[in-house]
Amino acid sequence: MTVRIAVLASGRGSNLKALIDHFSKLGEHAPAAIELVASNRPGAPALDRARAAGIAAESFNAGDDGSALIEILERHAIDLVVLAGYMKHIPAPVISRWNNRMINVHPGLLPEFGGAGMYGARVHTAVIERKAPATGVTVHLVDEEFDHGPIVAQWKIPVLPGESAESLAERVLEVEHIVYPRAVEMVATLIGRKIFANL
Ligand code: GRF
């Protein structure tokens, strides 16, 4: 079974690009295919990236109870939902429909530096301000709390002396692009074999 992936993205889509490149390199050995990229923002650069790669790209109304998102995910028969810089809260009916089959990447070492309002540059600024010795990348299953579900992969990155939030952001993103596609490949392989995590 080739697992059908939807990537949800709100912004530039650099993780989306890393995912597209990774699954394209895997070729016939890929356990999954990216069938859809969806965004709450019709102008998101991630949608252009998807179209350029020949992947269906759609925007939807994220302000409702989740029914618009459920409709497109069902229409594309999506097995695994991959969040890649998706900036909206996922409504509970969507989370329960794709329970254990929705995954996110966070640019920090969860459970530290996560939760509502802790995203993007804010994470790196908080890490520097608190003088944390390390930050990292965390990949986790999605549950109803922000940045909270079971962790499936994590990579620790030391904070260098005198480092700025900007340079930290760059180094963390580089690691995301290596870790996330491989974590998604692992989760897709398990789902393809019907070995589900149990939240
Ligand atoms: C990444 O840092 C990711 O960890 C976070 O949002 C950012 C998205 O960046 N969830 P991009 O759109 O993939 O470039």
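In which loop is isoleucine 90 found? Isoleucine 90 belongs to the loop between strand 4 (80–83) and helix 4 (92–97), where helices (H or I, at least four residues) and strands (E, at least two) are DSSP runs, numbered from the N terminus. Before going further, keep in mind that this is a predicted model, in which local features need pLDDT of at least 70, side-chain atom pairs count only at pLDDT 80 or more, and totals for chains, interfaces and linings use all residues. Residues are numbered from 1 along each chain as its sequence is written, and side-chain values use heavy atoms, with hydrogens and water left out.

Isoleucine 90 has a relative accessible area of 5%, so it is buried; buried means under 20% relative accessible area, exposed over 50%, and partly exposed in between (1.4 Å probe, protein chains only). Leucine 69 is 21 residues from isoleucine 90 in sequence, and their C-alpha atoms are 9.1 Å apart.

Glycine 66 is another loop residue to look at, this one in the stretch between strand 3 (56–59) and helix 3 (67–75). Glycine 66 counts as buried because its relative accessibility is 2%. Pair alanine 32 with isoleucine 191 and you get a sequence separation of 159 residues, but 9.7 Å in space, C-alpha to C-alpha.

Now for the ligand. Where does it sit? The ligand is in the largest pocket. On a 1 Å grid over the protein atoms alone, a pocket is an open set of points with protein on both sides within 12 Å along at least five of seven lines, and a molecule sits in one if more than half of its atoms lie within 2 Å of its grid points. Around the ligand you'll find Arg12, Gly13, Ser14, Asn15, Gly85, Val105, His106, Pro107 and Glu176, a residue being near if one of its heavy atoms lies within 4 Å. This shell divides into 2 nonpolar, 5 polar and 2 charged residues; Ala, Val, Leu, Ile, Met, Phe, Trp, Tyr, Cys and Pro count as nonpolar, Asp, Glu, Lys and Arg as charged, and the others, Gly among them, as polar. Helix 1 (14–26) and strand 5 (102–106) each contribute at least two residues to the shell.

Arginine 12 places a polar side-chain atom 2.4 Å from a ligand oxygen, and serine 14 has one at 2.5 Å from an oxygen atom of the ligand. With asparagine 15, a polar backbone atom is involved, at 2.8 Å from a ligand oxygen. The protein covers 87% of the 370 Å² of accessible area that the ligand has on its own, by the Shrake-Rupley method with a 1.4 Å probe.

The peptide bond from leucine 110 to proline 111 is cis, with omega near 10°, and proline 111 lies in the loop between strand 5 and helix 5 (121–129). Asparagine 100, in the loop between helix 4 and strand 5, has a positive phi near 70°. Lysine 194, in the segment after helix 6 (165–192), also has a positive phi, of about 60°. Asparagine 100 counts as buried because its relative accessibility is 8%, whereas lysine 194 is exposed, with a relative accessible area of 56%.

Note on methods:
A polar contact is a pair of N or O atoms within 3.5 Å; within protein, one must be able to donate a hydrogen and the other to accept it, and residues adjacent in sequence count only if both atoms are side-chain atoms. On a 1 Å grid over the protein atoms alone, a cavity is a set of points where a 1.4 Å probe fits but cannot get out, and a pocket is an open set with protein on both sides within 12 Å along at least five of seven lines; lining residues have an atom within 4 Å of a point.
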